[in-house]
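Let me get the chain on screen and then jot down what I look up, entry by entry.

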Amino acid sequence: MKFIDQRRLMVEEQIKRRGIESENIIAAMLKVERHVFVPEDIKHLSYRDYPLSIGRGQTISQPYIVALMLQLLEIEKGDKVLEIGTGSGYQTALLAEIAESVYTVERIDILLLKARDLLDKMSYKNIYYQIGDGTIGWIEGYPACSEFNKIIVSAAAPDIPESLMEQLAEGGIMVIPAGSRRNQELIVIKKIGDEFITANHEGCAFVPLIGKEGWSL
């Protein structure tokens with residue numbers, strides 16, 4: 001089966017049937033070719049219903065979990081989105097299709113450089129990159145930005161990083177997996193005035209979020 005047919009089947013069976021209704025997310029997942037972000041030796045598994053290794057102990061997440069997190073994020077076209085954990089760049093591309101701009105942070109330089117090269121070749125002009133500690137957010141990134149409408153974290157934190165909460169704009173939403181190193185829940189945090197309203201969603205299993213306000217190596 002051709003990759004385009006596999007991608008359509010993925011969206012129908014793994015995404016729509018599990019309750020993902022956002023037209024923007026569905027359109028982005030139909031457009032972005034997941035297989036180009038997957039290592040050559042496992043490209044044939046690109047559209048399967050599970051995460052895949054991309055090296056350096058990191059993964060490209062299960063398609064449904066990516067779609068669910070994007071839906072929980074409630075992205076609007078004018079949003080500035082902070083992504084913690086560039087990884088393969090697949091989720092970054094999906095975000096860039098939906099939001100106004102994406103600021104992405106990755107601590108593993110070789111992964112970010114590879115993702116950036118690929119995303120540049122795909123002609124994305126609304127993505128900004130930083131190599132560094134994602135637990136403290138976009139502290140030294142360029143262009144400067146101190147607040148984000150949406151924040152998405154693609155690794156599991158022991159607690160919600162205070163620095164990320166401080167960078168969430170009024171009315172903003174953050175989606176982050178948090179819990180132990182082995183098991184977490186997706187947590188949605190909404191900033192309303194001076195308050196942060198949290199809600200727990202389904203269980204998940206992500207690689208650990210390493211950094212000053214996350215796990216140690």
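**Entry 1: a loop residue.** I started with Ser180, which is partly exposed at a relative accessible area of 35%. My cut-offs, with a 1.4 Å probe and protein chains only, are under 20% relative accessible area for buried, over 50% for exposed, and partly exposed in between. Ser180 sits in the loop between strand S7 (168-179) and strand S8 (184-192). Helices here are DSSP runs of H or I with at least four residues, strands are runs of E with at least two, and the numbering goes from the N terminus.

A note on what I'm looking at: this is a predicted model, where local features need pLDDT of at least 70 and side-chain atom pairs count only at pLDDT 80 or more, while totals for chains, interfaces and linings use all residues. Residues are numbered from 1 along each chain as its sequence is written, and side-chain values use heavy atoms, with hydrogens and water left out.

**Entry 2: distances from Ser180.** I checked Asp159 next, in the loop between strand S6 (148-153) and helix H6 (162-166). Asp159 is exposed, with a relative accessible area of 55%. Asp159 and Ser180 are 21 residues apart along the chain, and their C-alpha atoms are separated by 9.2 Å. For Leu70 and Ser180 I noted 110 residues in sequence and 22 Å in space, C-alpha to C-alpha.

**Entry 3: helix H2.** Which residues of H2 (23-31) are buried? I found Ile25, Ile26, Ala28 and Met29. They sit on the same side of H2, because they cover an arc of only 165 degrees around the axis, the arc being that of the directions from the helix axis to the C-beta atoms. That reminded me that an α-helix has 3.6 residues a turn, so residues three or four places apart point the same way. Exposed Glu23 and Lys31 are on the face of H2 turned away from the buried side. Among what covers the buried residues of H2 are helix H1 (3-15), helix H3 (63-73) and helix H4 (90-98).

**Entry 4: H3 and the cores.** H3 is mostly covered, with 10 of its 11 residues buried. For a nonpolar core I take a set of buried Ala, Val, Leu, Ile, Met, Phe, Trp, Tyr and Cys residues joined through side-chain atoms within 4.5 Å. The largest one has 51 residues, and Met29, Leu70, Leu73, Ile75, Tyr90, Leu94 and Leu95 have the most contacts inside it. H3 gives the most to this core, with 9 residues. A second, separate core of 21 residues includes Ile84, Tyr103, Ile176 and Ile187.

I then followed Ile75. Setting aside neighbours within four places in sequence, Ile75 touches Leu70, Val81, Leu95, Ile98, Ala99 and Lys150, where contact means heavy atoms within 4.5 Å.

Entry 5: Most residues other than glycine have a negative phi, and most peptide bonds are trans. Glu74 counts as partly exposed, at 43% relative accessibility. Arg56 also turned up on my list, with a positive phi near 55 degrees. Arg56 lies in the loop between S1 and S2 and is exposed at 56%. A cis peptide bond joins Tyr142 and Pro143, with omega at about 0 degrees. I located Pro143 in the loop between strand S5 (127-131) and S6.

Entry 6: I worked on a 1 Å grid over the protein atoms alone: a cavity is a set of points where a 1.4 Å probe fits but cannot get out, a pocket is an open set with protein on both sides within 12 Å along at least five of seven lines, and lining residues have an atom within 4 Å of a point. Grid points are joined across faces, edges and corners, and a volume is the space filled by probe spheres set on the points.

The largest pocket has a volume of about 270 Å³. Its lining has 18 residues, with Val36, Phe37, Ser88, Lys114 and Leu118 closest to the centre. H5 gives the most to that lining, 7 residues. The second largest pocket holds about 150 Å³.

How many cavities of 30 Å³ or more are there? I count 1. The largest cavity has about 340 Å³ of space. Of its 27 lining residues, Gly85, Thr86, Gly87, Glu106 and Ser154 lie nearest the centre.
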